[in-house]
Amino acid sequence: FNITINALPVASISSNIGESISKGETAILTATGGNSYEWSNSAGIINGQNSAALTVRPLETTTYTVKVSNASGCESSTSITIRVKDDFQAIKPENFITPNGDGINDVWVVKNIDAYPDHALTVVDRGGRKVYEARNYSNDWDGTVGGNPLQEGTYYYIFLFDDPDVSPMKGFITIVR
């Protein structure tokens with residue numbers, strides 16, 4: 001009789017943005033070396049658990065493991081650890097809103113602010129009058145004050161984070177109607 005020895009797949013994982021990312025960023029992990037892929041459950045998985053490409057958004061340092069199988073049914077596993085930097089670099093406020101009810105830019109969006117829930121937001125007009133404030137902003141401000149639409153123009157925001165070592169984040173928003 002003959003004995004056939006099939007080689008184990010040589011599994012590897014790469015990340016499209018490296019192994020160290022800012023908190024709130026999304027990375028695509030790509031496994032190679034086989035015909036089928038099965039990722040273990042880990043925090044921050046968005047999609048792709050049974051494919052070569054896994055989309056993740058970890059909020060803390062996380063290890064992702066994939067089991068790779070080849071056509072012969074042989075399996076091997078490998079892991080990658082994505083280190084998450086708590087550096088506030090992934091927070092990206094849009095600088096305009098167009099609250100006209102068309103479903104596009106009707107609310108002010110601050111990308112990745114959900115990754116930093118311990119904050120206070122204040123928006124003021126050119127005269128320094130407070131027009132909006134929120135604790136743990138959730139991308140829902142529609143350019144109104146007291147239910148009334150604000151005039152077109154430039155307004156200024158400041159995010160204060162509960163961590164005393166983090167500088168306030170300041171900028172402007174333009175309302176276009």
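Reply: The structure holds ten aromatic pairs, where rings of Phe, Tyr and Trp (its six-membered ring) pair if their centres lie within 6.5 Å, and planes under 30 degrees apart count as stacked, over 60 as edge-to-face and the rest as tilted. In one of them, the ring centres of Tyr 116 and Phe 161 are 6.5 Å apart and the planes stand at 75°, so this pair is edge-to-face. This is a predicted model, in which local features need pLDDT of at least 70 and side-chain atom pairs count only at pLDDT 80 or more, while totals for chains, interfaces and linings use all residues. Residues are numbered from 1 along each chain as its sequence is written, and side-chain values use heavy atoms, with hydrogens and water left out.

Both Tyr 116 and Phe 161 are buried, meaning under 20% relative accessible area with a 1.4 Å probe and protein chains only. Ring pairs also join these two into a cluster, whose members include Phe 88, Trp 108 and Tyr 132. On Tyr 116 there is a further contact, as the charged end of Lys 23 sits over its ring, 4.9 Å from the centre; such a charge is counted if NZ of Lys or CZ of Arg is within 6 Å of the ring centre and within 35 degrees of the ring normal.

Lys 23, Tyr 116 and Phe 161 are also among the residues that line the largest pocket, a pocket being, on a 1 Å grid over the protein atoms alone, an open set of points where a 1.4 Å probe fits, with protein on both sides within 12 Å along at least five of seven lines, and lining residues having an atom within 4 Å of a point.

Terms used:
Buried means under 20% relative accessible area, exposed over 50%, partly exposed in between (1.4 Å probe, protein chains only).
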